[in-house]
Amino acid sequence: MKRKPLVSIIIPNYNHSMYLDQSINSALNQTYSNIEVIVNDNASSDNSIAVVKKYIDQGVVVNKNPQNIYNFNYDILDDSVSGEYFVLLCADDILKSDFVEKAVRIMEEYPEIGFVHGERDYIDEHGRITELDPFFNCSFRVNGEEILPIFTLTDIGQSAQAVIRTSAFVRAGKHDTQSDHLNIDREQWFRLAMVSDYAYIREKMALIRMPETTSETSRIIETFYHPIALYHTAKSFEEWAKLNDYPRVSERIEVAIKRFAKECLGFAKVFLKRENYELAKRYLLFIRFADRGIISDEEYQKCWTILQEKRGASVEVDEYKKSSNYAFRKRNYEPPENYVLMEDTI
Amino acid sequence: MFKTYSVFFIVFVDNEAELIDDTMKGILGQTYPRSEMRVLFMDNASKDGSYEKILDYIQEYPSLVSVYRMDRPTKPARLLKQASNYLRFSPVHFSMFLHPGDRVYSGFIEKAIGLMHMNGEIEAVYSNIDICHTDKSLEKQEAIFTDNCIIDKEVNYGLFFNTGIGAKVQAMFRGLQPGALERLVDMEKRIDRNDWMGAAFPSEGKIAYLTESFGYMMERVPDDVMFDLMTKAYSLKSQFYMTETVANYTERQKKDWADMEAAYKCIAENALLHAIRTEETGDIRLAEQCLMFAEMMCLDIVQDEAYILIKKAIENETSMQGIREKIVKGSVEPPRDCFIF
């Protein structure tokens, strides 16, 4: 009987000892039988190694970097993949037990599919789950080029939501350590879709850790890193599109940047409200830089006037920190053109 | 085991067949022994005959020239990474990264290697260069410093942002070690390696700067100026991420913060230089975007004379002549702690 292909579940970890039990167990408890679990510790200073040690008897391997190598850790992770398929499971995320089985079944049936996304819910630091609307309204498979333009606007899923075919991953050039570390997944999906087809399972397949207060989000927004990195990511996609002649991707970039500029208006308001006029000004300049037309937008004009008059206290705004805001987003989008419904395979 | 070569020239080719000869002439004309040099062309799947031309050179100089051709076009950082992978069995002592059309004058390699042999701490030698315009005319650049000097980057990090605004340089690096290369890839993607400000990265080690012009580079105006500026801004934001997010008040932190602000001002001033260049093309919209970008990166720049004059010139549609000199200042003395030679 043909042996099932090996699936590597790689768990990158940095000081997430409090979540590691859950992530490792979710990897070990997969209904799929041929799995290896490798924890890559990026020089944690907490008791992560002690946690992983409990699972060594069950075949879990842990590699500990001599020092924190930040984004370059992706290069190390890439080298750890020996399975025909793999999942990059962040140490604070959790897989549903049948995800690997379902995804591998699809990819074994359709060899041209390079990666399969499943759906997600959010889980906070206290274990409370926030249910999210699925991104698409059905399970489907589609040609990579059809899904490409969508990745210019959104990531659809984070790393724990994907089972990836290693050969497609190699063809796509593996991870790009030069990417913005917060957009590295999206960049990865984009390049995978350039070289392979895509499938989507409309079932909750992972729990993604989203603390109620995300300090990382605050930092990137408050240092003005966020808009520059996102603009850069969008334009990088355009660069790929030009190199490979994807006109539909190029068309989307302007829309993506404008949409993002609009989102930045929310940040500008937050900083007006906090009377941090310098940062608010940077955001308002960025918005105009990204979308020249916004100058005639009433909301934008209002913000600009408030900035000039320095009366930010009057601004009505929702703080951006509440991750539960995501729960209110309505999704259920129609899949991209030429998709093939896939309810039967799943 | 494998031979270790003295010097590797890595030339990135992207459909620039007509410029390859110029670069090869520079390499062939070096006073350094040819048997100690190697050229690797990294061809980004060119379709204009570049690859064929490279193969001709291989036939003519089989022990000097080699090539790696990508099967499909990719981005510069990936090309550089591929080059490093390709060279892993061909260790090198020194390396130079070139684009077709860049010319290294005959004595540079000998001089740079001599310096690095003399002082083992120098990780790279930078020199002044001329700018070759599209009509083949050469423009002399004023040297950044009045004297040749050795700069300790860790001590003088901010110097790269406070001096030589918009200046172009050429560099020879010590080795092509994997660790160093990761950082080079980083630079390649973000900061143009011919930008003086790019010499700041990585931030440790020492570099030598030569005031004499030892080569020329083809004038390269980015296709998308705003993307180019944003990419550099992204580079700086990443570089200073820790400085910007970790707040404490040690002396070291204060210095880092000052370096960061100098870097943001530097990129803002680069944007002003692009705004001035639009006078040739008449692209007012781009000029306005450059001003907006400059202010976004450095709010105080609106008080600078150059900014005010450019803004006025755009509004009144008058000449921007003479404004550039307010940003690009002449040669300055090296800092006191530098070794001058």
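Author: Let us begin with handedness: a crossing is left-handed if the near helix is turned anticlockwise from the far one by less than a right angle, and right-handed if clockwise. Please keep in mind that this model is predicted.

Reader: Which handedness does the crossing of α5(A) and α7(A) have?

Author: The crossing of α5(A) and α7(A) is left-handed. Helix α5 of chain A spans residues 144-151 and helix α7 of chain A spans residues 184-195; their axes come within 8 Å and cross at roughly 160 degrees. Because angles over 145 degrees count as roughly antiparallel, α5(A) is roughly antiparallel to α7(A).

Reader: Which residues of α5(A) and α7(A) meet?

Author: From α5(A) come Gly144(A), Glu145(A), Ile147(A), Leu148(A) and Phe151(A), which meet Arg186(A), Trp189(A), Phe190(A), Ala193(A) and Met194(A) of α7(A). By class, this contact of α5(A) with α7(A) holds seven nonpolar, one polar and two charged residues.

Reader: At what angle do α9 and α10 of chain A pack?

Author: Helix α9 (residues 225-244) and helix α10 (residues 247-273) of chain A pack at about 175 degrees, with axes 9 Å apart. The two are therefore roughly antiparallel to each other. Residues of α9(A) in the contact include Leu230(A), Tyr231(A) and Phe237(A), while those of α10(A) include Ile253(A), Phe260(A) and Phe267(A). The contact of α9(A) with α10(A) comprises twelve nonpolar, two polar and two charged residues.

Reader: How are α9 and α10 of chain B arranged?

Author: In chain B, helix α9 (residues 251-281) and helix α10 (residues 284-297) have axes 8 Å apart and pack at an angle of about 170 degrees. That angle makes α9(B) roughly antiparallel to α10(B). Among the residues that meet are Tyr264(B), Ile267(B) and His274(B) in α9(B), and Leu286(B), Cys290(B) and Phe293(B) in α10(B). Their contact divides into 13 nonpolar, two polar and no charged residues.

Reader: How is a pair of aromatic rings described?

Author: Such a pair is described by the distance of the centres and the angle of the planes. Here the count comes to 44 aromatic pairs over all chains. Ring pairs link a cluster in chain A that includes Phe115(A), Phe151(A), Trp189(A) and Tyr339(A). Phe151(A) and Trp189(A) also take part in the contact of α5(A) with α7(A).

Reader: Which charged residues lie over ring faces?

Author: Arg288(A) lies over the face of Trp304(A), 4.7 Å from the ring centre. In chain B, Lys153(B) lies over the face of Phe160(B), at 6.0 Å from the ring centre.

Terms used
Residues are numbered from 1 along each chain as its sequence is written. Chains are lettered from A and ligands numbered from 1 in the order in which they are written. This is a predicted model: local features need pLDDT of at least 70, side-chain atom pairs count only at pLDDT 80 or more; totals for chains, interfaces and linings use all residues. Side-chain values use heavy atoms; hydrogens and water are left out. Rings of Phe, Tyr and Trp (its six-membered ring) pair if their centres lie within 6.5 Å; planes under 30 degrees apart count as stacked, over 60 as edge-to-face and the rest as tilted. A charge sits over a ring if NZ of Lys or CZ of Arg is within 6 Å of the ring centre and within 35 degrees of the ring normal. Axes are lines fitted to C-alpha atoms, for helices over the stretch in contact, and angles run from 0 to 180 degrees between N-to-C directions. Helices (H or I, at least four residues) and strands (E, at least two) are DSSP runs, numbered from the N terminus. Angles under 35 degrees count as roughly parallel, over 145 as roughly antiparallel, 65 to 115 as roughly perpendicular and the rest as oblique. Contact means heavy atoms within 4.5 Å. Ala, Val, Leu, Ile, Met, Phe, Trp, Tyr, Cys and Pro count as nonpolar, Asp, Glu, Lys and Arg as charged, and the others, Gly among them, as polar.
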